[in-house]
Amino acid sequence: DLSDCAFLTTQSMRVILKSMPNLDTLILSFCTGLDETFYKALMDLNNCRIKYLDLSFCTRAAVDKTIE
C-alpha cells in the first residue's frame with residue numbers, strides 16, 4: 001500500500017514494478033505525482049500480474065486522454 005505518497009513518480013513506479021514481478025495488488029490512492037504515462041508503464045511490463053489497482057484521487061494519472 002503506497003497510498004499518500006505524493007512524491008512517487010511514474011519513473012519510480014517503473015523501478016518498483018520491475019523489481020516486484022509477482023505483485024498482484026497495487027494501492028496508489030492520493031499518489032498525485034503519477035501522471036498519464038503511468039498506464040503506459042503498466043502496459044510495458046511483461047507478464048503483469050496486477051489484479052487490483054487503486055488509483056483513486058490520482059488526478060494527474062486519471063485523465064480522459066489516457067482512457068481513450
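Which residue's side chain meets that of Asp-44 in a salt bridge? In this predicted model, the partner is Lys-40, at 3.0 Å from N to O. The structure holds one salt bridge. Asp-44 itself is partly exposed, with a relative accessible area of 45%.

Asp-35 counts as buried because its relative accessibility is 18%, and the cut-off for buried is under 20%. The side chain of Asp-35 makes polar contacts with the side chains of Thr-10 and Thr-37.

The side-chain pairs described so far are set out below.

| Pair | Type | Distance |
|---|---|---|
| Asp-44 and Lys-40 | salt bridge | 3.0 Å, N to O |
| Asp-35 and Thr-10 | polar contact | 3.0 Å |
| Asp-35 and Thr-37 | polar contact | 2.4 Å |

The nonpolar residues come next. In soluble globular proteins, nonpolar side chains tend to be buried together. Here the largest nonpolar core has 13 residues, and those touching the most other members are Met-13, Leu-17, Leu-26, Leu-28, Leu-34 and Phe-38. Helices H1 (10-19) and H2 are the elements that give two or more residues to this core.

Leu-17, one of the core residues named above, can be followed through its contacts. With neighbours within four places in sequence left aside, Leu-17 is in contact with Leu-23, Leu-26, Phe-38, Leu-42, Leu-45 and Ile-50.

Terms used. Residues numbered from 1 in each chain as written. Predicted model: local features only at pLDDT ≥ 70, side-chain atom pairs only at ≥ 80, totals over all residues. Heavy atoms only, no water. Buried < 20%, exposed > 50% of the residue type's maximum accessible area, 1.4 Å probe, protein only. Polar contact = N/O pair within 3.5 Å; in protein donor to acceptor, adjacent residues only side chain to side chain. Core = buried A, V, L, I, M, F, W, Y, C linked by side-chain atoms within 4.5 Å. Helix = DSSP H or I, 4+ residues; strand = E, 2+ residues; numbered from the N terminus. Contact = heavy atoms within 4.5 Å. Salt bridge = Lys/Arg side-chain N within 4 Å of Asp/Glu carboxyl O.
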